[in-house]
Protein chains: 2
Amino acid sequence: MQGKRIVLAQYPTGMPGHDDLKMEEFDVAAPGEGEVALRTLYLSLDPYMRGRMSTAKSYAAKVELGQIITGETVSEVTESRDERFSKGDIVRAHTGWTTHAVMSAKALTKIDPDIAPVSTALGVLGMPGFTAYGGLKVHGDPKPGETVVVSAAAGAVGQIVGQLAKIWGCRAVGIAGGPDKCALVTDTFGFDACVDYKADDFREQLASACPDGIDIYFENVGGDVLKTVLPLMNDFGRIPVCGLIAYYNMSAPPQGTDDMPMLMRMTLTKRLRIHGFINYDHAEWRPDFEREMPAWVSEGKVRYVEDIIDGIDNAVDAFQGLLTGRYTGKVLVKAG
Amino acid sequence: MQGKRIVLAQYPTGMPGHDDLKMEEFDVAAPGEGEVALRTLYLSLDPYMRGRMSTAKSYAAKVELGQIITGETVSEVTESRDERFSKGDIVRAHTGWTTHAVMSAKALTKIDPDIAPVSTALGVLGMPGFTAYGGLKVHGDPKPGETVVVSAAAGAVGQIVGQLAKIWGCRAVGIAGGPDKCALVTDTFGFDACVDYKADDFREQLASACPDGIDIYFENVGGDVLKTVLPLMNDFGRIPVCGLIAYYNMSAPPQGTDDMPMLMRMTLTKRLRIHGFINYDHAEWRPDFEREMPAWVSEGKVRYVEDIIDGIDNAVDAFQGLLTGRYTGKVLVKAG
């Protein structure tokens, strides 16, 4: 049987395209002892993947030329040679961008489809939800009555951050691109306000949405949004840095005004704490997350929205769309 | 009797000069009930004062036009109308830049001249020592074997930071301007190394002085030094931001390469914690500081160097010198 997968043909400059990320067909292998054959149901697309397609130093190993692009999937077991898994089981696996894979059983996590739709294992109950949970709780250190602002608020992480802020007694203000996303953020996710960063009066709108200033800015984007947020930060504010999507396709440092002095001076005069973090450093967050988040999802206290793109043939276009804000919610590719 | 004091005549642009900071004579008043008359022995000059001479938002109230410039002194009691103080007592007081003052007794701290020379109440046993102690201990969170880098290493705060780093089991590397300061930092203060930021090969020298990278960068300066340090930071590094002297006379944001994206990307990929702090927010550091630091100073475990300028007439020139790195160690004006 033939499968399809997407490999790194060359390191992209700027936005990755079809010359960089190439589809190829391959013969699907049979599992050996202790291995499991998988058919991909959903492939997760995440901004961090852009960093793996780079020779620049990042927090994770880069993808080598010719290798399959890194990625997490929800997959169905089609054949098992390990006693822990049976045909038909649903698992979460790091297969990369592929329709089929053979994996060591040790590297798989079984998913209970009774808790929530299995796709949530890549979203609210997976890495994005975990990132939102620990990043806000530990690095944000929210206290009741504080104001939490999150950028990319309609995205996989942002939508969860604001809902958790509400659960923990804070005012939640989103920043998103366009009125449709903003409406989703307030109406579906229950944020107190959402501001469109594309609006001419973004700065004024953000200030009026945060009448008591900003105590926590959960950073997903960087760039002009960060510059707009900083003057509104309160003394002793916290900025968990989760992502910087505005910079991911930047091939050279921008020219113009150097904002590093402004950022550092704000950090000193407002006594800010700016803290970069990556979810996989924080196994210590997992017990609380596993106890609280599935319950909140099944009770409807935490809602989620997914944007599902059909077919791995469309994965490269979908990844471009992810980086440019085309989608709303957690972006998944339905592989089958 | 006539005294001399220096008041703010206008808000300076760039480096403060004699048109901005003006000397005036005044009649020395007599103390009322509960007050004490003081004669200044030493006036402390500190970089933070530049921030008070500005209408820009800072962490402390600005000096108003016509007001005396903010500053801490060590003073001698010349007349007391409060039972807690007697003629001849030595106190620490916020009198500002003046030769004489009348202060409420409640606002004074008596100094024991047997512990150390009284000038240390403005240096190693005063605000700069306290800032170094708490900033490194709490925001730096040093662990034995880690590498601590401090800028302005020959200065009032920097010289203490490196010595504390050694006491707490770390490698201490200073950054200072010129070979004389660097020699002082290693020979007198016992840092493991000190690098001259004016050297052509500063970057290479710093890298070779930190063979295991940098775990803590105690930030006093900002600017090019910060840019040079950042790529050498280790994962999970900490940057307590104590001062940013490179920016204090900046009247407009610099043009050229925007380094904010670089700083933010480093923060994320290396999971850095950048934390601005001001000593006076942290009364909770005081008990440990009061227990440990005077003992270390009297045992000679922590050494200090002062640069004493003679006469309040020279205070404005001395302040310019402080901002441009002319002096070594804690800068004091001997007022008498």
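Predicted model: local features only at pLDDT ≥ 70, side-chain atom pairs only at ≥ 80, totals over all residues.
Q: What makes chain A and chain B count as being in contact?
A: Two residues are in contact if their C-beta atoms, placed from the backbone, lie within 7 Å. By that rule, 34 residues of chain B are in contact with 34 residues of chain A.

Q: Which elements of chain B supply the side that touches chain A?
A: Strand S13 (255–257), helix H7 (260–269) and strand S14 (273–276) of chain B each give at least two residues to that side. The largest share, nine residues, comes from H7(B). Sorted by class, the residues of the side of chain B that touches chain A are 17 nonpolar, nine polar and eight charged.

Q: How do you know that the copies meet through the same surface?
A: Compare the interface residues of the two chains: 100% of those of chain B are also interface residues in chain A, so the copies meet through the same surface.

Q: Why are the two copies said to be related as by a two-fold rotation axis?
A: Chain B is superposed on chain A by a rotation of 180° with 0.0 Å of shift along its axis, and the RMSD is 0.0 Å. The two copies are thus related as by a two-fold rotation axis.

Q: What makes S14(A) and S14(B) a pair of strands?
A: Two strands pair if there are at least two bridges between them. Strand S14 (residues 273–276) of chain A is joined to S14(B) by three bridges, so by the definition the two strands pair. They run antiparallel. Looking at individual residues, His275(A) stands opposite Arg273(B), and Arg273(A) stands opposite His275(B).

Q: How many strands form the open sheet, and in what order?
A: Twelve strands form the sheet, in the order S10(A)-S9(A)-S8(A)-S11(A)-S12(A)-S14(A)-S14(B)-S12(B)-S11(B)-S8(B)-S9(B)-S10(B), with mixed pairing.

Q: Why are S10(A) and S10(B) called edge strands?
A: Strand S10 (193–196) of chain A and strand S10 (193–196) of chain B each pair on one side only, and they are the edge strands. Across this sheet, neighbouring strands are turned by 15° against each other on average, direction ignored.

Q: Which helices pack on the sheet, and which strands do they touch?
A: Among them is helix H5 (residues 202–209) of chain A, which touches strand S9 (171–176) and S10 of chain A; the direction of H5(A) makes about 170° with that of S10(A). Another is helix H2 (residues 127–140) of chain B, which touches strand S8 (147–151), strand S11 (214–218), strand S12 (233–241) and S14 of chain B. The direction of H2(B) makes about 140° with that of S12(B).

Q: Which residues of H2(B) and H3(B) meet?
A: Pro128(B), Gly129(B), Ala132(B), Tyr133(B) and Leu136(B) in H2(B) meet Ile160(B), Val161(B), Leu164(B) and Ala165(B) in H3(B). By class, this contact has eight nonpolar residues, one polar and no charged.

Q: What angle do H2(A) and H3(A) make?
A: In chain A, helix H2 (residues 127–140) and helix H3 (residues 158–167) pack at about 45°, with their axes 9 Å apart. H2(A) and H3(A) are therefore oblique to each other, and their crossing is right-handed.

Q: What makes S5(B) a partner of both S4(B) and S7(B)?
A: The cut-off is again at least two bridges. Four bridges join strand S4 (residues 73–80) of chain B to strand S5 (residues 90–93) of chain B, and two join S5(B) to strand S7 (residues 109–110) of chain B. Arg92(B) is the bridge partner of Val74(B), and Thr109(B) in S7(B) is the bridge partner of Arg92(B).

Definitions and conventions
Residues numbered from 1 in each chain as written. Chains lettered and ligands numbered in written order. Nonpolar A, V, L, I, M, F, W, Y, C, P; charged D, E, K, R; others polar. Least-squares fit on C-alpha atoms with pLDDT ≥ 70 in both. Axes fitted to C-alpha atoms, helices over the stretch in contact; angles between N-to-C directions. Parallel < 35°, antiparallel > 145°, perpendicular 65-115°, else oblique. Left-handed = near helix turned anticlockwise from the far one by under 90°.
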